[in-house]
Amino acid sequence: MTTHPTTRIIDGKAFAEGLRRRVADAAADFLARSGRAPGLAVVLVGDDPASSVYVRNKAQQTVEAGMASFEHRLPAETSEAELLALVARLNADDAVDGILVQLPLPAHIDAQKVIEAIDPAKDVDGFHPANAGRLMTGLPGLVPCTPLGCLMLIRSVQPALAGLEAVVIGRSNIVGKPMAQLLLAESCTVTIAHSKTRDLPSVCRRADILVAAVGRPQMVRGDWVKPGAIVIDVGINRVPAPERGEGKMRLVGDVAYDEAVERAGAITPVPGGVGPMTIACLLRNALAAAVARTGIVVDVPSA
Ligand SMILES: NC(=O)C1=CN([C@@H]2O[C@H](COP(=O)(O)OP(=O)(O)OC[C@H]3O[C@@H](n4cnc5c(N)ncnc54)[C@H](OP(=O)(O)O)[C@@H]3O)[C@@H](O)[C@H]2O)C=CC1
Ligand SMILES: Nc1nc(=O)c2c([nH]1)NC[C@@H]1CN(c3ccc(C(=O)N[C@@H](CCC(=O)O)C(=O)O)cc3)C=[N+]21
């Protein structure tokens, strides 16, 4: 593979390691001042294999950062009422600063109801309407981890964002919409594209910053990328990899990386780009929640 001589491959894995180290330092300060470690509770309902791996990684990295991890694995048959009762217990538990309920939830549970049951002060995913509204209106609050991680990576290659054209493909509440809000707050000119967008390739070609959060393997082609653009690939898609052996799978993003790397000024790989930042930002948000809840001031890494 040849890359443009000036293309910067954004190493999300390395950036995330550095962020986790800074969070760990601050968590140690928090422990020294308060007598307890910041606490993060992660709830998994059912046994989806991918979700199970993420939850294990989150718990492991929480402990490595010197925080208390409370892992709740519930059977797929758990009723909505039982899950809401657990959320209520976690809301009331002073050792728990952050609560994450892994999505997707089984179909018999109303995910929106569960999100709204989480105390906004402990909503480390930033999915509660109170936090979404705070982001939209420019008030301090908890910001969704994946877009926050994307903003940190964008800033690492381009600190001055005002006036840049940003295109976000995808309008989900967990990635696309909050990503657009963060870029707007940075004074980018933001376009949100989605499945009804006409002539998506032309829209993308305007972008100085192109964020793909779609869930379609390698949909964004090289000739959709403006030369020199910053390309952030949020997509996590598992596709068959027969070259690795029968039944094997590999991860690809929403961007055709080998093509886009030829035109981009900077680009995130998959894996090793946005994914590791999501978990690092989760730990960052748990620390931020602990600080906001207790008033104990430590150095919380910011975007
Ligand atoms: N790296 C990480 O940490 C994370 C990665 N992800 C990954 O990011 C991707 C997106 O996740 P999420 O936002 O939850 O996904 P959703 O399925 O909730 O949203 C997908 C968005 O893409 C849009 N879309 C679908 N098809 C097209 C198309 N052909 N052209 C343009 N837009 C299209 C949809 O439009 P419409 O609204 O019109 O239907 C929708 O807004 C997934 O691959 C997911 O696995 C997600 C979270 C974290
Ligand atoms: N309430 C909730 N909050 C979430 O933040 C949330 C969720 N539910 N449900 C699922 C999605 C997805 N998600 C990822 C986290 C880390 C990686 C990650 O670490 N990816 C590695 C690869 C991991 C692998 O090899 O599978 C990488 O890209 O390098 C990916 C995806 C968080 N999500």
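Aspartate 199 is found in the loop that runs between strand S6 (189-193) and helix H8 (200-205). In this predicted model, the phi angle of aspartate 199 is near 50°, a positive value in a residue other than glycine. Aspartate 199 counts as exposed because 9 other C-beta atoms lie within 10 Å, and a residue with 12 or fewer is placed in that class.

Although glutamine 218 is not a glycine, it has a positive phi of about 55°. The loop that holds glutamine 218 lies between strand S7 (209-212) and strand S8 (230-233).

The peptide bonds of two prolines come next. Leucine 103 and proline 104 are joined by a cis peptide bond, with omega about 0°. Proline 104 belongs to the loop between strand S4 (98-101) and helix H4 (111-117). A cis peptide bond also leads from valine 270 to proline 271, and there omega is near -5°. Proline 271 sits in the loop between strand S11 (266-267) and H10.

The text now turns to the UniProt record. An unreviewed UniProt entry lists residues 144-291 under "domain: Tetrahydrofolate dehydrogenase/cyclohydrolase NAD(P)-binding". In the model, the span 144-291 is 34% helix and 19% strand, and its end C-alpha atoms lie 17 Å apart. For "binding site", the unreviewed UniProt entry lists Gly170, Arg171, Ser172 and Ile236.

Two of these listed residues can be followed in detail. Glycine 170 lies in the loop between strand S5 (165-169) and helix H7 (176-185), and arginine 171 has its place in the loop between S5 and H7. Glycine 170 is buried, because 23 other C-beta atoms lie within 10 Å. Arginine 171 has 17 C-beta neighbours inside 10 Å and therefore counts as partly exposed. When residues up to four places away in sequence are not counted, glycine 170 touches Val175, Gly176, His194, Ala213 and Val214. With neighbours within four places in sequence left aside, arginine 171 is in contact with Gly176, Lys177, Ile192 and His194.

Helix H6 (residues 145-157) packs against helix H10 (residues 274-294) at an angle of about 110°, with their axes 8 Å apart. H6 and H10 are therefore roughly perpendicular to each other, and their crossing is right-handed. On the H6 side, the residues in contact include Cys145, Leu148 and Met152, while those of H10 include Val274, Met277 and Leu282. Sorted by class, the contact of H6 with H10 has ten nonpolar, four polar and no charged residues.

H6 also meets H7. The axes of H6 and H7 come within 8 Å and cross at roughly 40°, so H6 is oblique to H7. H6 passes H7 in a right-handed crossing. Which residues of H6 and H7 meet? Pro147, Cys150 and Leu151 in H6 meet Pro178, Met179 and Leu182 in H7. By class, this contact of H6 with H7 has six nonpolar, no polar and no charged residues.

Terms used:
Residues numbered from 1 in each chain as written. Chains lettered and ligands numbered in written order. Predicted model: local features only at pLDDT ≥ 70, side-chain atom pairs only at ≥ 80, totals over all residues. UniProt positions renumbered as here; feature names shortened; annotations may be inferred. Helix = DSSP H or I, 4+ residues; strand = E, 2+ residues; numbered from the N terminus. Buried ≥ 20, exposed ≤ 12 C-beta atoms within 10 Å, placed from the backbone. Contact = placed C-beta atoms within 7 Å. Axes fitted to C-alpha atoms, helices over the stretch in contact; angles between N-to-C directions. Parallel < 35°, antiparallel > 145°, perpendicular 65-115°, else oblique. Left-handed = near helix turned anticlockwise from the far one by under 90°. Nonpolar A, V, L, I, M, F, W, Y, C, P; charged D, E, K, R; others polar.
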